[in-house]
Amino acid sequence: MTSTRDDSPQLTDIDLRRKLLAGGTAALALTMVGGRAASAAGLSSDELDLLKFAQGLELALHDLYDEALQIDNNSAAWTAMANSHESFAQAIAGLAGLSANERNDELFSNYRVAIRGEDRVKVAYDLESAAAATHIDLIGKLSDAGAAEVIASIAAAESRHCVVLADVLGKGNDLGLTLTNSAQPIEA
Amino acid sequence: MTTHTPAQNSGFDRRTLLRRGGLTLGLGAFLSACAADFGGDTAPGRVGLVESETMLPEGTVNDVVYLRTMQSLEHSVVELLSVLIAGGHFTAAQQSYIDRFIADHVAASEALGQHISEAGGEPYACENTWVRSRFIDPVLAAVASSDDASRDARSSAHAFETMLAHSYQHLVGIASAPAIRHGLMSLGASAARRSALLAAQSSASEFGYFGPEINGEAVETDAEGFPIGYALPAVFGQVGQIPLVVGAVDDEGARYSTSLQTPAENTFVYEYMSC
């Protein structure tokens, strides 16, 4: 079994097996978020714009992890992250009635080189922190409780991603890194 | 020769008694129905000096109640961790982040108190009595008599931190004001990080970071039947029950087990409640 405590973004065999199956269960996972039926109905145009921005962020993260996968072929960590963010984008699509096909190109361009570089795990940590902060900020701007509920479930998962990435970095005992999100929300 | 003598009619045999009794009751009912209302108390009479029943205050569930409930749960977790620390159940390495957790919970309580005041409510800076009696006391009792108190202290801390994370996320979906939802999830994200850290520290090297629910697989336990904590138990943040197994094996071969839950009507700290 591969160690989970080294500097490599490789995860355990169990993780790899699970992540290879993860893509097909995104819809199921969304149904586990909660019983509230959220839809585009009742969302203002401002709220739809905010959700579209959040969706673009998720799609950019998915594509950035695909870039990392080109460096670390078959990395379970990057596969896991890429699949998760694709699921998040799809969840927002279902919530807002938006097609999940328009990534945030500015974000993707800004981080494309970095996510292929040597510090890519730390870059991923920073991206996850920023994404979680962005979604928490978004919750305060959404009037629809169902939309807030879905975004909260994404923010919770991304907060956990940060801890996993910190641990993969070998800094699982750095409480400033694992427990504190010092990132600022990405501005729309 | 004998002569048959007819029985004397007493004038009050059983049949007559029933007939006259029914007639009397029917007449009484008729007269009662026709009687004038003379007023007075119509409630059933009471015998003895016992106080009459005390009705519970009407508890309205609103955003202030959600905030007060989470403030009480923060204090509940502080109480739990403090007792576990006092029992010497954490290793030195664990102690460093458990101390940080307690500081985070105290800060969270202060932040919630501020949100409550801003929303026009009264802060509730003390533990949740229902959670204390239903969960914390039994868990502490089981840990105290455990065959591996260190293992159980770690499991308990993880379960209660996860409960906080689930609770904050759950309440975001039912709170009314966006600003309050934002405040709840800011604290919920921190709780999720604490939960993930404990899981990563205790089980990632053996079981990995990702839970089976990510792929719709059944929840697993370890070889001894303990629930496995994962840093990332599912693709999305969860709001379900958190299983916790602690304590020594009893005479029936089982350990104490419970399921922590997100707050509901029986856990809420209503506005009429005070510390």
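Buried means under 20% relative accessible area, exposed means over 50%, and partly exposed lies in between, using a 1.4 Å probe and protein chains only.

## What you are looking at

This is a predicted model, in which local features need pLDDT of at least 70, side-chain atom pairs count only at pLDDT 80 or more, and totals for chains, interfaces and linings use all residues. Residues are numbered from 1 along each chain as its sequence is written, chains are lettered from A and ligands numbered from 1 in the order in which they are written, and side-chain values use heavy atoms, with hydrogens and water left out.

## Where the chains meet

Let's start with the contact between the chains (heavy atoms within 4.5 Å). Chain A brings 60 residues to it and chain B brings 49. About 4400 Å² is buried between chain A and chain B, with carbon and sulfur atoms giving 59% of that; buried area here is the accessible area (1.4 Å probe) that two parts lose on being put together, summed over both.

There are 12 residue pairs in polar contact between chain A and chain B, both residues being at pLDDT 80 or more. A polar contact is a pair of N or O atoms within 3.5 Å; within protein, one must be able to donate a hydrogen and the other to accept it, and residues adjacent in sequence count only if both atoms are side-chain atoms. On chain A's side, α7(A) supplies the largest share, 17 residues. Helices (H or I, at least four residues) and strands (E, at least two) are DSSP runs, numbered from the N terminus.

## Salt bridges

Side chains of opposite charge can pair when their charged atoms come close. The rule used here asks for a side-chain nitrogen of Lys or Arg within 4 Å of a carboxyl oxygen of Asp or Glu. That gives 18 salt bridges over all chains, yet zero between chain A and chain B.

In chain A, K52(A) pairs with E102(A), their closest N and O atoms being 3.4 Å apart. K52(A) sits in helix α3 (residues 45-71) and E102(A) in the loop between α4 and α5 (105-115), 50 residues apart. K52(A) counts as partly exposed because its relative accessibility is 32%, and E102(A) is partly exposed too, at 45%.

Over in chain B, R132(B) and E127(B) form a salt bridge at 2.9 Å, N to O. Another joins E224(B) and R255(B), at 3.8 Å between the closest N and O atoms. E224(B) is exposed, at 55% relative accessible area, whereas R255(B) is buried, at 17%. Shared partners link D147(B), R151(B), D152(B), E224(B) and R255(B) into one network of salt bridges.
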